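Hello,

Please find the structure below. My notes follow it.

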Amino acid sequence: MSNLDMENALNIWQKTLEHLKTEIDDISYNDLFSKTKEVFKVKDSTIWIIVDSTLTKFRIDKFYKNSINDFALNNFGCHFTFIECKEAEEQKSKVDLVNTTQTDIENSKKPRSLLPEYSFDNFVIGESNRFAFLAATKVANDPVPVLNPLYIFGGVGLGKTHLMFAVGNEILQFKPETNVVYTTAQQYAQDYFTASSSKDPKAFQKFYDYYQSADVLLVDDIQFLEQKTKTQEEFFKLFELLYTEKKKMVVTSDRPANQLQNFMDRLKSRLSYGLAVDIKKPDKNLRLGILQKKLPTHIPNPEDVPIEALELIAEIYEDRNVRELEGALSRYIWYCVSANLPFTKENVYPILEPLVKGMGKEGAPADVKVRDIKELVASYYQVSVSELESESRKAKIVFARQMAIYLIRTLYDLPLKQIGSYFGNRDHATVSYSIDKIEKDMKQNKGIKQDIIYLTHKIQGEK
Ligand code: ADP
Ligand code: MG
């Protein structure tokens, strides 16, 4: 990010804050981020933000930094580091913090924004990404480029950038002198624009030197070049050059090359020279594997979190991407830690509920579960679902209704009021009464206890 100065760094931070505001709850936001208005320094593509205390820094680093940096990286090609205000003061008095961004980039072979924590080692493999993973490791390890470029495509948050970084990191690990150049297509377009509008006669040369000197070129989210004809032409030249010089290239995109719109045919065909691999949404096994892998980065004692809780998160996050899945894990851990709640399976739903609901998709998981339970209980007691939801006071129906309410509460721990809403808007006192009633009945009547065991197994077994 050659033109990153303090002012646009602050701008980027403000945009990131706006995004965060929509992602996390108000209390955490106000607590942690409302006072973070100062940039401490900028170096390469790292922006230091001052925070008010060590605790705030700890909480941000632990629970939010990854997703903040995902966002910043994807949107602005930079990332954030947080520094506590006292430490910032001390450092300020010691060093004269000249903003050396430009020279730093020119003098160093260090890649921009290639986050070291994205490696092959911590990439969890499943059916949906196996082929992409294998291709990426092959590209990283081939002495000369065979599959050039490697074109990785798929929806957001599925691990494209992760894999691309892993290629860069792997190459650097064995050949640290390699000039790995990472850029987002957006950044590339910006650099090109800056060079063309600069008064400095050497600006273009610097732009060319920077990209043409790449031994490995990693370009993220190439779809951003859609409609940017001039930049496409420029990129085409760069591509041709590096290709002829047998420099490895990895490109990511949200869709296959032939589906890029307003995109030069020549460039589309170049992008298809090598190998195209796609990443799909993770299945439940992979989601669970990822949660298990990420857990130790969230808490010092990962063994405190039972596998059942992770399984439930993986299950609720059906049809979601990995980034959302990670967000769910952070939230769960953070709530349990801060409210001193045990890491139980029962606490998963209440904590994730606002996120799950916020997704606003038809048939949100809680609704689906409730519907399943209603259907099961209704058929078991030979009543209809609409009777369960009705005003009817017939003993048989009342009992089945109470049972459904009891099961929903004990299995998913939804708020009473919400449960009431699934049964013709009954108030929370009625819901609470139903639960007490079944608990009482169950103690006196063995048959009811057996019903509960049977129905619970049925519900859990069918998950
Ligand atoms: P994309 O570039 O496809 O939008 P990212 O590479 O930024 O997605 O991935 C989003 C987040 O999900 C990152 O934190 C990344 O580490 C994580 N992630 C995605 N896939 C995997 C995986 N298979 N194993 C571990 N982490 C993953
Ligand atoms: Mg990405």
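Where is the place of P149? P149 sits in the loop between helix 6 (130–141) and strand 4 (150–153). Helices and strands here are DSSP runs, numbered from the N terminus; a helix is H or I with at least four residues, a strand is E with at least two. The bond joining N148 and P149 is a cis peptide bond, with omega about 0 degrees.

Some ground rules before the rest. This is a predicted model, in which local features need pLDDT of at least 70 and side-chain atom pairs count only at pLDDT 80 or more, while totals for chains, interfaces and linings use all residues. Residues are numbered from 1 along each chain as its sequence is written, chains are lettered from A and ligands numbered from 1 in the order in which they are written, and side-chain values use heavy atoms, with hydrogens and water left out.

**Overall picture**

The protein has 463 residues, and 51% of them count as buried. Buried means under 20% relative accessible area, exposed means over 50%, and partly exposed lies in between (1.4 Å probe, protein chains only). There are 21 helices and 8 strands. The C-alpha trace spans about 90 × 55 × 35 Å along its principal axes. The accessible surface comes to about 22600 Å². Carbon and sulfur atoms hold 52% of that surface. Areas come from the Shrake-Rupley method with a 1.4 Å probe; for residues, only the protein chains shown count as cover.

Now contacts, meaning heavy atoms within 4.5 Å. Take those between residues at least 6 apart in sequence: 73% join residues at least 24 apart.

**The cores**

The largest nonpolar core has 85 residues. Such a core is a set of buried Ala, Val, Leu, Ile, Met, Phe, Trp, Tyr and Cys residues joined through side-chain atoms within 4.5 Å. F33, I313, Y332, L352 and M403 have the most contacts inside the largest one. Helix 18 (residues 395–412) gives this core its largest share, 11 residues. M403 touches V377, Y381, I438, I448, D451, I452 and L455, leaving out residues up to four places away in sequence. A second, separate core has 30 residues, including F123, A132, A140 and I171.

**Around ligand 1**

Which residues are the closest to ligand 1? They are V124, G157, T161, H162 and E326, out of 19 residues that surround the ligand. A residue is counted here if one of its heavy atoms lies within 4 Å. The shell divides into 7 nonpolar, 7 polar and 5 charged residues. Ala, Val, Leu, Ile, Met, Phe, Trp, Tyr, Cys and Pro count as nonpolar, Asp, Glu, Lys and Arg as charged, and the others, Gly among them, as polar. Helix 7 (160–174), helix 12 (284–298) and helix 14 (322–338) each supply at least two residues of the shell.

Three atom pairs are worth a look. A nitrogen atom of ligand 1 is 2.7 Å from a polar backbone atom of V124. An oxygen atom of the ligand is 2.6 Å from a polar backbone atom of G157. An oxygen atom of the ligand is also 2.8 Å from an N or O atom in the side chain of K160. Taken alone, ligand 1 exposes 560 Å², and the protein buries 97% of that.

**Single residues**

K294 lies in helix 12. Its relative accessible area is 18%, so K294 is buried. Beyond its neighbours within four places in sequence, K294 is in contact with E326 and L329. K294 and S67 are 227 residues apart in sequence, yet 13 Å apart in space, C-alpha to C-alpha.

Q460 is in helix 21 (residues 446–461). Q460 counts as partly exposed because its relative accessible area is 31%. Q460 touches K345 and L411, not counting residues up to four places away in sequence. The C-alpha atoms of Q460 and H162 are separated by 34 Å.

Two loop residues have a positive phi without being glycine. For Q382, phi is about 55 degrees. Q382 lies between helix 16 (365–380) and helix 17 (385–389). Its relative accessibility is 65%, so Q382 counts as exposed. For N425, phi is near 55 degrees. N425 is in the loop between helix 19 (416–421) and helix 20 (428–444). N425 counts as exposed because its relative accessibility is 65%.

Best wishes

Definitions and conventions:
A polar contact is a pair of N or O atoms within 3.5 Å; within protein, one must be able to donate a hydrogen and the other to accept it, and residues adjacent in sequence count only if both atoms are side-chain atoms.
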